[in-house]
Amino acid sequence: MYNSILVPIDVSEDSLTNMVIPFVQAHAVLNTAKVHFLTVVPSLPYYSSLGLAYSVEMPKMKEFQDAAKSKLDEIVKKFKISADKIQLHAVAGSPKDQILKLADMIDADLIIIASHKPDISTYLLGSNAAAVVRHAKCPVLVVR
């Protein structure tokens, strides 16, 4: 049985979220697990790649995290899981690193993650899902 399930959610990818809903709901019903939903806001290297060169142009990360957590809260309502079984997390950084870090912190028994259809560079899985599968210390259910 699972006690702690981690579900990373990309708040900008509704199709990926919709793919994992039945799997998360099934595991939440079958287990007494706490379900941790995580969204990761990309950090500084991402914004600098968009050409935001000056710190005055940099968006405030805390504002992005708050907005992402608010969006995550709306998305999680689609899952029809009891509120006492849910915990939300919004952090900044690299998605794969933050997923693995939170999995360790909450002692996750299972990670349920959606994966993009792969392209030639990622061949079988999306790069974040592949990194999580490779480095997670618990079982990972990849949904595509």
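Leaving aside neighbours within four places in sequence, M19 is in contact (heavy atoms within 4.5 Å) with A114, S115, V143 and R144. M19 sits in helix 1 (residues 14–30). This is a predicted model: local features need pLDDT of at least 70, side-chain atom pairs count only at pLDDT 80 or more, and totals for chains, interfaces and linings use all residues. Residues are numbered from 1 along each chain as its sequence is written, and side-chain values use heavy atoms, with hydrogens and water left out.

**Overall build**

- The protein has 5 helices and 5 strands. Both are DSSP runs numbered from the N terminus: helices are H or I with at least four residues, strands are E with at least two.
- Along the sequence the pattern reads β-α-β-α-α-β-α-β-α-β.
- Of the 144 residues, 39% are buried. Buried means under 20% relative accessible area, exposed means over 50%, and partly exposed lies in between (1.4 Å probe, protein chains only).
- The accessible surface comes to about 8,400 Å², and 57% of that belongs to carbon and sulfur atoms. Areas come from the Shrake-Rupley method with a 1.4 Å probe; for residues, only the protein chains shown count as cover.
- Take the contacts between residues at least 6 apart in sequence: 77% of them join residues at least 24 apart.

- M19 counts as partly exposed because its relative accessibility is 27%.
- M19 and S115 are 96 residues apart in sequence, yet 9.3 Å apart in space, C-alpha to C-alpha.

- The 5 strands form an open sheet in the order 3-2-1-4-5, with parallel pairing. Two strands pair if DSSP finds at least two bridges between them.
- Strand 3 and strand 5 stand at the edges with a single partner strand each, so one side of each has no neighbour in the sheet.
- Neighbouring strands of this sheet are turned by 20° against each other on average, direction ignored. Axes are lines fitted to C-alpha atoms, for helices over the stretch in contact, and angles run from 0 to 180 degrees between N-to-C directions.
- Strand 1 and strand 2 run parallel and are joined by 5 bridges. Here I5 stands opposite V35 in strand 2.
- Strand 2 (residues 34–41) pairs with strand 3 over 7 bridges, again in the parallel sense. V35 stands opposite I86 in strand 3.
- Strand 1 is mostly covered, with 5 of its 5 residues buried. S4, L6 and P8 point one way, I5 and V7 the other.
- In a regular strand the side chains alternate between the two faces of the sheet.

**Helices against the sheet**

- Helix 4 lies across strand 1 (4–8), strand 2, strand 3 and strand 4, and runs at about 155° to strand 2.
- Q98 belongs to helix 4. Q98 counts as buried because its relative accessibility is 16%.
- Leaving aside neighbours within four places in sequence, Q98 is in contact with L38, V40, V91, A92 and G93.
- A polar atom of the Q98 side chain lies 3.5 Å from the backbone oxygen of A92.
- In helix 5 (residues 127–135), A129, A130, A131 and V132 are buried. The buried residues of helix 5 pack against helix 4 (95–105), strand 4 (110–114) and strand 5 (140–143).

**Positive phi in two loops**

- Most residues other than glycine have a negative phi.
- K80 is not a glycine, but its phi is positive, near 55°. K80 lies in the loop between helix 3 (61–76) and strand 3 (86–92). K80 counts as exposed because its relative accessibility is 73%.
- D107, also not a glycine, has a positive phi of about 55°. D107 is in the loop between helix 4 and strand 4. D107 counts as exposed because its relative accessibility is 59%.

**Confidence**

- The average pLDDT (the predictor's confidence in each residue, from 0 to 100) is 85, and 82% of the residues score at least 70.
- Over residues 46–50 the pLDDT is below 50; this stretch has 7 contacts in the model beyond near neighbours in sequence.
- Over residues 120–124 the pLDDT stays under 50, and the model has 4 contacts for them beyond four places in sequence.
- Where pLDDT is low, the predicted coordinates should not be read in detail.

Technical notes. Polar contact = N/O pair within 3.5 Å; in protein donor to acceptor, adjacent residues only side chain to side chain.
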